[in-house]
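Student: I have a new structure to read. Can you take me through the labels and what stands behind them?

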Amino acid sequence: MSKEEIRQKILSLAGDYMTAVEQENAGKEKKYIPASGKNIGVEELVNMLDASLDMWLTAGRFNDKFEKNFAQKLGVKYALTTNSGSSANLLAFSALTSHKLKDRALQKGDEVIAVAAGFPTTINPIIQNGMIPVFVDCEVGTYNIDAGKIEEAISPKTKAIFLAHTLGNMYDMDKIMDIADKHHLWVIEDSCDALGAQWKGKYAGTIGHIGTYSFYPAHHITMGEGGAVITNDPLLHRIILSFRDWGRDCWCKPGCDDTCHNRFKMKLGNLPEGYDHKYTYSHIGYNLKITDWQAAIALAQLSKLDRFLEMRRQNAETLLHELDDLQQYLILPRITPNCTPSWFGFLISVKEDAPFSKQEMVTYLEANGIGTRQLFAGNILRQPMIAESDVKLRIGSSPIMKAKQLDESCYARLPGTEFIMNNTFWVGVAQNNTPEDMKRTSQVIHQFIRIKTNA
């Protein structure tokens, strides 16, 4: 056989193997309904082996195609992969500190609008870059920032808004962008939990200046570990690329040289004229690239995104219908007007006057095979990473303080966030679950409430 025939036989056998695995698993009883999870199969395995046979150990042809297809899918000019959604956030925020942005560059001590109910790595880059997070409260129901409270938190030092769309339900992009335009603020849309959500027909992440995504196994599509940063701004794209690739000024892909045809003709920094552009560095950057194996998986997953989104929407709609009769005790998720959510998870809040606590309910669900998750950090100001640090921050319009100075009166300035920490959790609606799983979830919730109410 020729080399190409051997290759095709390997890929064909791999497909047969994965098909056999899927058939074997199809009849197994499902004892636990997970809060999240991946759905991968033949296409992903074949792509990964195809990439392996290339013996190209870093980003290559699969990455090039994924970045192109991902940008096309979202309707943006530029997409760059990175090794996680957290790295995507770090790259997005770090890019705004670049000297190439001149007077629009963020400086140490600048302030950034944020929320405390979310994942740490939406906050971490602000602190890591020496800036001050300004925490605004969240709404119960949408679990996104209360946009009506943003302007009172803005000061002359406020330079950016950096927020995550909560579990696939977008915050009010019209209000956010109006505020940003009025006060000349950068907007980073952390869309790691909101891939595929839309605001008036535009995808989450594509409306602000920069959007970020995660491809961790719990997310809408996966490459294992991985993420992406998108933008329509060519200068921001170049800066993000630089920060991702060691901080270098050169934009040649791995294995390519002299794309600009000026490799030995430039004079940058205090280097001698003509110093090799391939080894010229314009930022204090990182190496946060992915491998082609990861991109190969993601490319197969991207082709399934619309189907996965529909499965998530069907699962969420099933839960909304099945739990509608329990609103005496529970707060069900409220979709932001003008948003088509992508449903990362299904948030449920226990009302304060309910005859049971969130902890009791979560414990019962887990004991009966229903996976649950918190809304990540709850109130991140109470987490050891903040509470036991010298981090400087503001809450709303309050003065800047050190985290160690926080007390109960400070936390009370974020009543929605405190409620979420104490009363809110979520259950799974991902593509590894079915409408029948959602009905089982509902049955267990109903059973718990009947026990607690003696109904």
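Tutor: Start with one definition: a salt bridge is a side-chain nitrogen of Lys or Arg within 4 Å of a carboxyl oxygen of Asp or Glu. Keep in mind that this is a predicted model.

Student: What makes D54 and R61 a salt bridge?

Tutor: Their closest N and O atoms are 2.6 Å apart. The cut-off is 4 Å. So the D54 and R61 pair counts as a salt bridge.

Student: Why do such side chains pair at all?

Tutor: Side chains of opposite charge can pair when their charged atoms come close.

Student: With which other residue does D54 form a salt bridge?

Tutor: With R7, where the closest N and O atoms are 2.6 Å apart. This pair links distant parts of the chain: D54 is in helix α2 (residues 42-54), R7 is in helix α1, and they are 47 residues apart. R7, D50, D54 and R61 are linked in a network of salt bridges.

Student: Why is R7 called buried, but D54 partly exposed?

Tutor: Buried means under 20% relative accessible area, exposed means over 50%, and partly exposed is in between. R7 has 17%, so R7 is buried. D54 has 29%, so D54 is partly exposed. R61 has 43%, so R61 is partly exposed too.

Student: What makes K159 and D110 a salt bridge?

Tutor: The closest N and O atoms are 3.5 Å apart. The limit is 4 Å, so the pair of K159 and D110 qualifies. K159 is in strand β4 (residues 158-164), and D110 is in the loop between α4 and β2 (111-114). They are 49 residues apart.

Student: Are K159 and D110 buried or partly exposed?

Tutor: K159 has a relative accessible area of 29%, so K159 is partly exposed. D110 has 2%, so D110 is buried.

Student: How many salt bridges are there in the whole structure?

Tutor: A search of the whole structure finds 25.

Student: Why are C138 and C260 called buried?

Tutor: C138 has a relative accessible area of 5%. C260 has 17%. Buried means under 20%, so both labels hold.

Student: What makes helix α4 mostly covered?

Tutor: Ten of the eleven residues of α4 (residues 85-95) are buried. Among them are G85, L90, L91 and F93. At the start of α4, a side-chain oxygen of S84 reaches to within 3.3 Å of the backbone nitrogen of S86.

Student: Where is D245, and why is D245 called buried?

Tutor: D245 is in the loop between α7 (234-244) and α8 (292-302). Its relative accessible area is 4%, and buried means under 20%, so D245 is buried.

Student: How do you know that the side chains of D245 and R244 make a polar contact?

Tutor: Their distance is 2.7 Å. The cut-off is 3.5 Å, so the pair counts. Leaving aside residues up to four places away in sequence, D245 touches Y286 and K289.

Student: What makes I10 partly exposed?

Tutor: I10 has 35% relative accessibility, between 20% and 50%, so I10 is partly exposed. I10 is in helix α1 (residues 3-26). M1, I6, I10 and L53 form a nonpolar patch on the surface, with about 370 Å² of accessible area together.

Definitions and conventions. Residues numbered from 1 in each chain as written. Predicted model: local features only at pLDDT ≥ 70, side-chain atom pairs only at ≥ 80, totals over all residues. Heavy atoms only, no water. Helix = DSSP H or I, 4+ residues; strand = E, 2+ residues; numbered from the N terminus. Buried < 20%, exposed > 50% of the residue type's maximum accessible area, 1.4 Å probe, protein only. Polar contact = N/O pair within 3.5 Å; in protein donor to acceptor, adjacent residues only side chain to side chain. Contact = heavy atoms within 4.5 Å. Patch = residues over 30% accessible without salt bridge, like charges linked within 9 Å, V, L, I, M, F, W, Y side chains within 5 Å. Areas by Shrake-Rupley, 256 points an atom, 1.4 Å probe, with all protein chains shown as cover.
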